[in-house]
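Look over the model below.

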Amino acid sequence: MYEYTSWGLPTKRDPLGVVDGDTMNVGVDLGMDIAMNTILRMYGINAPELPTQPGKDAKTWAIAWFQTHCPLGQFTIQTVKDTKEKYGRYLATIIAPDGANFNADIVAAGHAVPYFP
């Protein structure tokens, strides 16, 4: 597992970078003044697709989670491996500065289910 300091990258649809309940646009600090922008897929969970009402609810919940647990916009990501999955995204767990775990919290809130293909 690898850990990086990260922040949400604004999109046309959301100022925090939240794409949906299990996908996010982020900036990642790689160290030594090197950073990159990428898309993350939350590891071990699956949220409903965005066009559905449950998908919209999951995104709304995710935005509120980031506003509550990451008020300065930064968080830590833990990647499972440093290679992309089949859709070109890195698999990650998000940990807030207060220790909250996004992946576990969204499942506990009922907006996603555990998913380990």
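About 30 Å³ of space lies in the largest cavity. This is a predicted model, in which local features need pLDDT of at least 70, side-chain atom pairs count only at pLDDT 80 or more, and totals for chains, interfaces and linings use all residues. Residues are numbered from 1 along each chain as its sequence is written, and side-chain values use heavy atoms, with hydrogens and water left out.

A cavity is a set of points, on a 1 Å grid over the protein atoms alone, where a 1.4 Å probe fits but cannot get out; lining residues have an atom within 4 Å of a point. Points are joined across faces, edges and corners, and a volume is the space filled by probe spheres set on them. The whole structure holds one cavity of 30 Å³ or more. Its lining consists of Val18, Asp20, Gly21, Thr23, Met24, Met42, Ala62, Phe66 and Phe102. Strands β2 (18-20) and β3 and helix α1 (53-69) each give two or more residues to that lining. Helices (H or I, at least four residues) and strands (E, at least two) are DSSP runs, numbered from the N terminus. By class, the lining has six nonpolar, two polar and one charged residues. Here Ala, Val, Leu, Ile, Met, Phe, Trp, Tyr, Cys and Pro count as nonpolar, Asp, Glu, Lys and Arg as charged, and the others, Gly among them, as polar.

Now the open space. A pocket is an open set of points with protein on both sides within 12 Å along at least five of seven lines. The largest pocket has a volume of about 370 Å³. It is lined by 18 residues, and Arg41, Glu85, Arg89, Tyr115 and Pro117 are the closest to its centre. Strands β4 (34-42) and β5 (45-46) each supply two or more lining residues. Eight of the lining residues are nonpolar, three polar and seven charged.

Which residues form salt bridges (a side-chain nitrogen of Lys or Arg within 4 Å of a carboxyl oxygen of Asp or Glu)? The count is two. Arg41 pairs with Asp22 at 3.4 Å, N to O. This pair links distant parts of the chain: Arg41 sits in strand β4, Asp22 in the loop between β2 and β3, 19 residues apart. Both are buried, meaning under 20% relative accessible area. Arg89 bridges to Glu85, with the closest N and O atoms 3.1 Å apart. Arg89 and Glu85 are buried too.

Conventions
Buried means under 20% relative accessible area, exposed over 50%, partly exposed in between (1.4 Å probe, protein chains only).
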